[in-house]
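Open your viewer and switch to the cartoon view.

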Amino acid sequence: MNRLKDAKSPYLLAHAEDPVDWHPFGEEAFRKAQEEGKPIFLSVGYHTCHWCHVMHRESFRDEGVAALLNAHFVPVKVDREELPDVDAAYMRALVSLTGQGGWPMSLFLTPEGKPFFGGTYFPKEDRGGLPGFKRVLLGVARAWREEQEALKEEAERLAKALWRSLSPPPGPVPQDVEDRALEALLRSFDPEWGGFLPAPKFPQGPLLLYLLARAWQGEEAPKAMLRKTFTAMALGGVYDQVGGGFHRYATDRLWRLPHFEKMLYDNALLARVYLGAHRVLKDPLFLRVARETLDWLLSMQHREGGFFTALDAESEGEEGLYYTWTEGELRGALGEDFPLARRYFALGEDLLGRSVLTAWGEEALQRELGEGFAPWREGVRRRLQEARRRRMPPALDDKVLADWSSLAVRALAEAGRLLQEGRYLEAARRGVHFLLQRMGKGGVLRHAWREGRLGEEAYLADQAFAALALLELYAATGEWPYLEEARRLLEAGLALLEEPGLPLPARALEEGALPSGESALAEALWRLGGLFGPRYHEKARALLEAQAHFLARHPEAFPGFLLVHRLLKEGTELAVPFPSPHLQEVQAQYLPLTQLVLGPAGALPALEGKEPGLLYPCRRGACRLPTGSLEEALEALRSP
């Protein structure tokens with residue numbers, strides 16, 4: 001009996017009719033494995049994962065494969081987005097076993113949950129150098145019968161090694177950690193196409209935000225890397241030139257051929273990246289991409305305010321079909337504009353007979369059309385959107401995740417503040433209302449919601465990302481309820497720092513697509529320290545020092561913590577006691593290393609003794625002379 005019929009995850013529900021006797025992750029599955037003496041087959045994926053769909057069609061719907069799984073294993077299915085702790089724990093184990101990770105994750109566990117063999121995608125039959133899944137199942141079942149004690153011993157050794165490697169003692173962070181991080185990034189930087197080699201290339205939002213903070217301070221090396229990267233990404237196929245927003249990653253060095261999923265978290269982070277890039281690097285292309293990405297975020301907002309998780313990579317069973325074009329389709333949609341569009345989109349390289357649209361012809365066409373370029377491009381884009389709406393769209397993962405939705409809220413609140421646009425701010429307000437009213441339970445935000453059903457899981461990242469979103473809304477509005485809610489969630493986040501009760505440590509070492517919950521918590525604590533005093537700064541420092549071992553070895557892999565390191569060393573506060581004639585001007589500034597302190601004089605520790613109408617640039621609570629000039633205040637924030 002398949003036990004997924006009552007799941008709320010779209011990914012699990014897609015497997016509810018499989019002939020495989022799937023169990024959700026939990027005590028029942030582990031108890032059955034122990035009672036029957038069977039190993040567990042753990043399959044981890046997510047709703048918009050292309051290769052998860054392929055393995056589903058080839059193997060999990062196949063009666064023969066299902067018979068093998070049901071006879072020899074206890075099959076367990078996990079949505080990695082719904083249970084990120086389970087995903088992190090077992091992904092680290094998979095990387096240790098095989099040297100690489102990815103989804104679908106396919107692991108074989110002892111009945112106690114400790115892995116002894118695994119991989120990612122397996123074809124049903126041997127193909128292309130990959131062993132067939134049926135052969136793998138038979139081989140593991142035979143090994144379990146004949147070598148069970150040896151497999152258990154190996155699983156135990158791996159579990160102990162993971163605990164040791166992921167639980168080093170805290171210590172001081174090396175003084176040169178940021179210099180070493182930049183040196184490593186310069187070595188791997190692609191000087192021709194931007195980003196970091198080797199391909200595939202991921203946008204890496206947390207890393208770009210960290211480098212942007214350094215560029216804002218005037219560092220030339222980050223500026224050069226970022227300008228090249230942002231331009232190549234914006235003009236490449238990894239960016240959806242028609243609908244706005246970024247695909248998950250590029251399979252090639254040129255950012256041309258994407259893996260077509262669109263994830264909420266990528267686009268929330270990249271909207272902030274491109275908005276900041278426009279302020280720092282002054283390129284109007286970056287503002288256009290920021291706005292189009294923000295509008296894509298708005299298209300993912302639930303009518304009640306939360307944000308949906310992702311769009312699938314495939315439609316009608318083919319990856320990228322919704323996003324790619326034949327020349328005939330383009331000619332039919334654009335008519336007499338097709339010849340110019342052909343040059344603009346740099347057509348000619350095909351993906352299974354269809355073209356991924358780039359904008360590599362943008363610079364030449366801008367020179368040719370002058371002021372007519374922008375309206376021409378917008379007209380082309382609008383007609384292609386109309387043509388694309390007639391296609392079958394990719395599937396929507398319509399669950400709401402508290403951490404990812406919080407990233408979207410922060411991006412929209414920041415955009416509302418910097419651009420002074422009410423529609424973004426209003427969307428952020430609705431998003432926060434949904435988080436607090438629909439996803440709050442027992443003093444914490446629960447992780448996942450779908451169609452009125454709220455899960456029980458609550459994670460550190462949910463509380464930390466939401467606190468940062470609330471702090472941004474406070475900065476954008478000056479409204480104190482957002483500040484108080486942020487403080488409350490941070491206290492809840494501190495209580496969730498303990499490892500959950502899994503057989504493996506549930507920590508992802510690197511911060512790639514997302515900052516870690518710990519670094520987000522540390523950033524939020526630093527920001528709270530600028531408002532309420534140094535005890536929060538000390539908590540942020542303790543979180544940073546807990547990562548000292550990892551930062552010393554591979555600092556470039558921890559951009560969220562590198563940002564915290566810079567905030568603790570060089571971060572500032574700008575106090576604006578109310579009433580103030582400078583408020584709107586201050587709120588429109590891009591200040592990545594500054595916490596705004598807004599409110600009536602004396603209402604916060606950081607506002608004690610401060611006179612309305614003046615600006616107070618401060619560092620760790622020590623303020624320079626107040627000024628009535630915004631330019632003087634900004635200069636003071638930049639200077640050491």
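**Before you start**

This is a predicted model, in which local features need pLDDT of at least 70, side-chain atom pairs count only at pLDDT 80 or more, and totals for chains, interfaces and linings use all residues. Residues are numbered from 1 along each chain as its sequence is written, and side-chain values use heavy atoms, with hydrogens and water left out. Helices (DSSP runs of H or I, at least four residues) and strands (DSSP runs of E, at least two) are numbered from the N terminus.

**Stop 1: a sheet of 5 strands**

Select β1 to β5. They form an open sheet in the order β1-β3-β2-β4-β5, with mixed pairing. Two strands pair if DSSP finds at least two bridges between them. Strands of a sheet pair through backbone hydrogen bonds, either parallel or antiparallel.

Now find the edges. They are β1 (23–24) and β5 (115–119), each pairing on one side only. Contact means heavy atoms within 4.5 Å. Axes are lines fitted to C-alpha atoms, for helices over the stretch in contact, and angles run from 0 to 180 degrees between N-to-C directions.

Go back to β1. It pairs with β3 (residues 74–79) in the parallel sense, over 2 bridges. Look for Pro 24: it stands opposite Lys 77 in β3.

**Stop 2: Leu 42**

Select Leu 42, in strand β2. Is Leu 42 buried or exposed? Its relative accessibility is 0%, so Leu 42 counts as buried. (Buried means under 20% relative accessible area, exposed over 50%, partly exposed in between, with a 1.4 Å probe and protein chains only.) Show what Leu 42 contacts beyond four places in sequence: among them are Phe 25, Val 76, Tyr 90 and Leu 107.

**Stop 3: two helices**

Select α11 (residues 264–281) and α17 (residues 402–419). Their axes come within 8 Å and cross at roughly 25°. The two helices are therefore roughly parallel. (Angles under 35 degrees count as roughly parallel, over 145 as roughly antiparallel, 65 to 115 as roughly perpendicular and the rest as oblique.) Show the side chains of the contact. They include Leu 264, Tyr 265 and Arg 272 of α11, and Trp 404, Leu 407 and Glu 414 of α17. The contact residues divide into 13 nonpolar, 1 polar and 4 charged. (Ala, Val, Leu, Ile, Met, Phe, Trp, Tyr, Cys and Pro count as nonpolar, Asp, Glu, Lys and Arg as charged, and the others, Gly among them, as polar.)

**Stop 4: strand β12**

Select β12 (residues 396–401). It runs antiparallel to β9 (residues 308–311), joined by 3 bridges. Ala 310 stands opposite Asp 397. β12 also pairs with β15 (residues 448–450), antiparallel, over 2 bridges. Here Val 400 stands opposite Trp 449.

**Stop 5: Thr 358**

Select Thr 358, in the loop between α14 (338–344) and α15 (362–369). At 1% relative accessibility, Thr 358 counts as buried. Beyond four places in sequence, Thr 358 touches residues including Leu 235, Gln 241, Arg 256 and Tyr 344.

**Stop 6: a sheet of 4 strands**

Select β17 to β20. The sheet is open and mixed, in the order β18-β17-β19-β20. β18 (594–600) and β20 (622–623) each have a single partner strand, so one side of each is left without a neighbour in the sheet. Finish on helix α21 (residues 517–532), which packs on the sheet and touches β17 (572–578) and β18.
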